[in-house]
Amino acid sequence: MKIDVFVDIVCPWCRIGKQHLFQAMEQWSGEAVEVNIHAYQLDPNMPAEGVKLAKYFEKFGNPGMVKQMMDRVCEAGAQCGLHFDFNHVDHMPNTLRSHQLIKLAPAEQKLTVLDGLYEAYFTKALDVYDMDVILDVAEQAGMERADTRARLEAGEGTEAVKEDLEFARRVGIQGVPFFIINDKYALSGAQPVEAFLNAFEKVGSQTS
């Protein structure tokens, strides 16, 4: 079974949805599941230097509404074993370079890189566009630092990111996380574990 997952690094529900997916996979006793990570940008027009988080959140309403949103994220994260610290996150970065790094990572290290980027942003309040932050994540995942820097600076992986973004636009993906199972079945949002298991059962029964 193949699952294509579209995420953005600064999307807390993407982190939660990915966690639910893998918790479902741990409970699943059917066919093996292959997960492929794809790039999506909540704001493709974000400047390279990013913006202040408070400025970005102005479009979501007053500060009270934003706090309610963040509290709900923290609660949902805690329920599935994830920690979010919005007390210190004050920057909304451009995520292109983060997605580029995931593209450059070897297949067996992509999920480790993704988790490292989530950790850097949501618990350490680091700028995941900053080259040193990106390289720290890469190195911790087992990638060679100097080689990774050279490849990032040369623009490797950028075209693959653009292909993901174009695919998402073409098929009408307007929010993430977004999951496509076996190129046929779609799930949108941070679905609960049970929803993934039900989808696995449905797909498995139709392919057996």
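**Entry 1: the sheet**

I began with the strands and found an open sheet of 4 strands in the order β2-β1-β5-β6, with mixed pairing, where two strands pair if DSSP finds at least two bridges between them. The edge strands, each pairing on one side only, are β2 (34-39) and β6 (185-188). From one strand to the next I read an average twist of 20 degrees. Before going on I noted that this is a predicted model, in which local features need pLDDT of at least 70 and side-chain atom pairs count only at pLDDT 80 or more, while totals for chains, interfaces and linings use all residues. I also noted that residues are numbered from 1 along each chain as its sequence is written, and that side-chain values use heavy atoms, with hydrogens and water left out.

Strand β5 (residues 178-181) and β6 run antiparallel and are joined by 4 bridges; I looked up Ile-180 and found its bridge partner in β6 to be Ala-186.

**Entry 2: the loops around β5**

I then checked the backbone on either side of this strand. The peptide bond from Val-176 to Pro-177 is cis, with omega near 5 degrees, and Pro-177 lies in the loop between α8 (158-171) and β5. In the loop between β5 and β6 I found Asn-182, whose phi is near 50 degrees, a positive value in a residue other than glycine.

**Entry 3: the whole chain**

I recorded 9 helices and 6 strands for the protein, both being DSSP runs numbered from the N terminus, with helices (H or I) of at least four residues and strands (E) of at least two. The radius of gyration is 17 Å, close to the 17 Å that the globule rule gives for 208 residues, so the protein is as compact as a globular protein of that length. That radius is taken over C-alpha atoms, and the rule is 2.2 Å times the number of residues to the power 0.38. Along the principal axes, I found that the C-alpha atoms fill a box of roughly 50 × 45 × 30 Å.

**Entry 4: α4 against α5**

For helix packing I used axes that are lines fitted to C-alpha atoms over the stretch in contact, with angles running from 0 to 180 degrees between N-to-C directions. The axes of helix α4 (residues 96-104) and helix α5 (residues 110-122) come within 8 Å and cross at roughly 160 degrees. That makes α4 roughly antiparallel to α5, since angles under 35 degrees count as roughly parallel, over 145 as roughly antiparallel, 65 to 115 as roughly perpendicular and the rest as oblique. The crossing is right-handed, a crossing being left-handed if the near helix is turned anticlockwise from the far one by less than a right angle, and right-handed if clockwise.

With contact meaning heavy atoms within 4.5 Å, I listed Ser-98, Leu-101, Ile-102 and Lys-103 of α4 and Lys-110, Val-113, Leu-114 and Leu-117 of α5. These residues divide into 5 nonpolar, 1 polar and 2 charged, where Ala, Val, Leu, Ile, Met, Phe, Trp, Tyr, Cys and Pro count as nonpolar, Asp, Glu, Lys and Arg as charged, and the others, Gly among them, as polar.

**Entry 5: α1 against α5**

I next took helix α1 (residues 12-27), whose axis comes within 11 Å of that of α5 and crosses it at roughly 140 degrees, which makes α1 oblique to α5. This crossing is left-handed. Among the residues making the contact I noted Phe-22 of α1 and Tyr-118 and Phe-122 of α5, and the contact residues divide into 7 nonpolar, no polar and 4 charged.

**Entry 6: α4 against α7**

Finally I returned to α4, whose axis and that of helix α7 (residues 145-153) come within 11 Å and cross at roughly 120 degrees, so α4 is oblique to α7. I found the crossing of α4 and α7 to be right-handed. Arg-97, Gln-100, Leu-101 and Leu-104 in α4 meet Thr-148, Arg-151 and Leu-152 in α7, a contact of 3 nonpolar, 2 polar and 2 charged residues.
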